Amino acid sequence: MIEHVESVLGWVSAHPTWTLAILFLCCLGESILVLGVLIPTTFVLLVAGALVAHEAIDFWPALAAAIAGAVCGDGINFWVGRRWGERALDSHYAQRYQVAVARSRALFTRHGAKALVLARFIGLVRPFIAAIAGAYRMTTWRFLAVEVFAGAIWAAPLIALGIVFGASLGLASEVATRLAVLLMALLVVLALLVWLVAGSVSGMQSRAETWLTGLLDWSHRHRRLGRLGGWLADPAQPETPALVLLALVLFALGWVWMSLWWGWTGATPSVFDTLAWQGAIDLRTPLTTALALGVAQLADVEVYAPVAVTLLITLLLQGRGRAAAHYLAAVAFGTALSLALYWLIDVPDPVNYYRGEVAVRFGGRDLVLATVIYAFVAVLVATQRSQVWRIFCYALALGLVTLMLAADVYLGTVWLSTGLFAVLFGGTWVALLGLGYRRHGAASIAAREIVPLALGVLIASAALQSSAELRGPFDPRPEEARSLPAARWWNGAHAELPAYRIDSAGREKQPLSVQWRGELPRIEKALRAAGWESPPPLSWENTLRWLAVSAPLAELPVLPQVHAGTHQALVLRMLRGDDEQWVIRLWPSGWTAGGSPLWVGTLTRQTGRRPLRLVRYPRTERDYDSPLAAFANSPAGFEAKQVSHPRREPEVAGWSGGLWLLRPRAGG
């Protein structure tokens, strides 16, 4: 993925005009009805900001392209309104969106030109507001002035947020390429989730009543099967029979699906699952593993059960009997459905599968219940509220569920297919129950009435629940201890060790230009005697120095780096002025030579980076030959010789293959 990103950055740097043209067209198309729903412009602007942070394009041209695209898109709608007036708004095409047209008229009547600014942030009303402005004969110059202002306050914050993310991506890539990959994936997923929720809520709002009316008409025409629609959608009929029947149907469909996916014996994972599991292993870092363990606790029964009980008691004490009954039904039926799947389906999770324990139960049970418990809270606080609030609640719930799914897949507690099924299964049940709740006298519940207490219980339960020992990540590829005779390693067997730092799947980023035999305290002592020193420790206080864009490198902490999923065991630096330093990092190789451990390490050159003069941090340059001069004089007590690593890849730039071998001096 990183290689693809680098190729994209290279293309963008070589063709900035085309990149700006694409940005212009996306912002233009986003203002056109129907077409705009298909273009996630918020995500496009965030990506543009990230490109600015990586100096692929410049900020002001990117902002100008976004504003120009927004103005031109709304300008087309303005021209349509000016040319055809009210006829354009009464056309058969516009009548498909009569709710949006009515809202647009009310917004423009109330706020006038300010409605053009507000519409930049309201979605479906945007093209109609511009058309109404034209139909109501707003002057062209006033329209353009307001549009430029609206486009600026809409695009500039999003691009700036992308710049901040792009700078953090650069920091993440210093730690580990895989961390940068995970951050990019997180940005993409969260942006797409918000876009999906916003589009779904906006689209369903205008069509929900039509669908429900059609469902009731169908119910009246079919006496037997039709009762299902009436029970669910007709406020005058009880919904319990429909929900019981739908729960049974949902369970049957889920059982059939999982049985077909895994085979009737639940024997082996699919290629889809094994690739996802392999990718999760390859993207591991100590930091993300710790975060994943924390997020995964939210799907532990010790955490979600107290939250569910607290919410139920709170609703009862507040006299919200109908809401409490629906929440109890959500949890009770969700528990029954997930337990039935647990006992009827044998699906081995990755950890147990690679340990040889194939005959285990359905591993997505807790994920189903956590999805139901957390997602139905969003239904309770979003019912009978504004569209913006509903989008926020549903996006927050969907984001939380997605993070729990990702954490469980990352840690190997579920296969990706099992986790997706669990989330969809629980989400479908919440959607069905939510429909019945909203159609049968649902009352508006303020978030402050239930969310603060539930959130407090969630935090307290997660803090008390220590799941690191039970749910620690499992790697099916443990490295066995390997040994070499010391003389054999010195005289050629060094080629058996990796030539590059393993930072992600198939991605060898930096050369391992040092192999050092000896005990780590003795190695560190020799390096310090040669002028190497510890960089400032990575702490909250020291990271604030990154905001001082004129600070010398001596005051900046050096970010830890990852090799094969672990941080370095030793990191030291040698200053070479205010804006340059050499850094040595050592990792355990998993080998011994003559009974002493072998360490592999990198020698790198770092300079100060100032993306848009926002932050300053040490950046590793792709010049791996010049730091090799650090061992031209052997460290005290060690013997050094330089060889050429036979596994060097010629196409990897910046390294000629020079490798230092160091060992204790005889008799030292």
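Visitor: What does Arg 120 lie over?

Guide: In this predicted model, Arg 120 lies over the face of Trp 154, at 4.6 Å from the ring centre.

Visitor: And which ring does the charged end of Arg 576 sit over?

Guide: That one is Trp 582, and the charged end of Arg 576 is 3.9 Å from the centre of the ring.

Visitor: OK, rings then. How many aromatic pairs does the structure hold?

Guide: There are 12 aromatic pairs. One of them is Trp 516 with Phe 631, an edge-to-face pair with 5.5 Å from centre to centre and 85 degrees between the planes.

Visitor: Where do Trp 516 and Phe 631 lie?

Guide: Trp 516 is in strand E4, while Phe 631 is in the loop between E10 and strand E11 (638-644). They are 115 residues apart in sequence, so the pair ties together separate parts of the chain.

Visitor: Is Trp 516 buried or exposed?

Guide: Trp 516 is buried, with a relative accessible area of 0%. Phe 631 counts as buried too, at 1% relative accessibility.

Visitor: What about the rings of Trp 532 and Phe 631, how are they arranged?

Guide: Their centres are 6.5 Å apart and their planes are at 45 degrees, so this pair is tilted. The pair also links distant parts of the chain, 99 residues apart: Trp 532 sits in the loop between helix H24 (520-529) and helix H25 (540-543), and Phe 631 in the loop between E10 and E11. Trp 532 counts as buried, at 3% relative accessibility.

Visitor: Which residues do the ring pairs link into a cluster?

Guide: The cluster is made of Trp 516, Trp 532, Phe 631, Phe 638 and Trp 660.

Visitor: How many bridges join E8 to E9?

Guide: Strand E8 (residues 580-593) is joined to E9 by 11 bridges, and the two run antiparallel. For example, Pro 588 has Trp 599 in E9 as its bridge partner. The hairpin of E8 and E9 has 2 residues between the strands, and Gly 594 in that hairpin takes a positive phi near 60 degrees.

Visitor: And how many bridges join E4 to E9?

Guide: Strand E4 (residues 514-517) has 4 bridges to E9, and these strands run antiparallel. In E9, Leu 598 is the bridge partner of Arg 517. Trp 516, from the aromatic pair we talked about, lies in E4.

Visitor: What about E10, in which sense does that pair with E9?

Guide: Strand E10 (residues 617-620) pairs with E9 in the antiparallel sense, over 4 bridges. Gly 608 has Pro 618 in E10 as its bridge partner.

Visitor: Let's pick one residue. Where is Thr 607 placed?

Guide: Thr 607 is in strand E9, which covers residues 596-609. Thr 607 is buried, with a relative accessible area of 11%.

Visitor: Which side chain does the side chain of Thr 607 join in a polar contact?

Guide: The side chain of Glu 621, in a polar contact of 2.4 Å. If you leave aside neighbours within four places in sequence, Thr 607 is in contact with Leu 553, Asp 579, Tyr 617, Pro 618, Arg 619 and Glu 621.

Visitor: On to helices! How far should H3 span?

Guide: Helix H3 (residues 41-53) has 13 residues, so at 1.5 Å a residue it should span 18 Å. The end C-alpha atoms are 18 Å apart, which agrees.

Visitor: How many of the residues in H3 are buried?

Guide: 10 of its 13 residues are buried, which leaves H3 mostly covered. Among them are Val 44, Leu 45, Leu 46 and Leu 51. Just after H3, Glu 55 takes a positive phi of about 60 degrees.

Visitor: What span should H17 have?

Guide: Helix H17 (residues 321-344) has 24 residues and should span 34 Å at 1.5 Å a residue, and its end C-alpha atoms are 34 Å apart, so that agrees. Buried residues in H17 include His 326, Tyr 327, Leu 337 and Leu 341.

Visitor: Last one: is Leu 464 buried or exposed?

Guide: Leu 464 counts as exposed, at 78% relative accessibility. Leu 464 is found in helix H22 (residues 447-464). The C-alpha atoms of Leu 464 and Glu 302 are separated by 8.9 Å, with the two residues 162 residues apart along the chain.

Conventions
Residues are numbered from 1 along each chain as its sequence is written. This is a predicted model: local features need pLDDT of at least 70, side-chain atom pairs count only at pLDDT 80 or more; totals for chains, interfaces and linings use all residues. Side-chain values use heavy atoms; hydrogens and water are left out. Buried means under 20% relative accessible area, exposed over 50%, partly exposed in between (1.4 Å probe, protein chains only). A polar contact is a pair of N or O atoms within 3.5 Å; within protein, one must be able to donate a hydrogen and the other to accept it, and residues adjacent in sequence count only if both atoms are side-chain atoms. Contact means heavy atoms within 4.5 Å. The expected span of a helix is 1.5 Å times one less than its number of residues. Two strands pair if DSSP finds at least two bridges between them. Rings of Phe, Tyr and Trp (its six-membered ring) pair if their centres lie within 6.5 Å; planes under 30 degrees apart count as stacked, over 60 as edge-to-face and the rest as tilted. A charge sits over a ring if NZ of Lys or CZ of Arg is within 6 Å of the ring centre and within 35 degrees of the ring normal.
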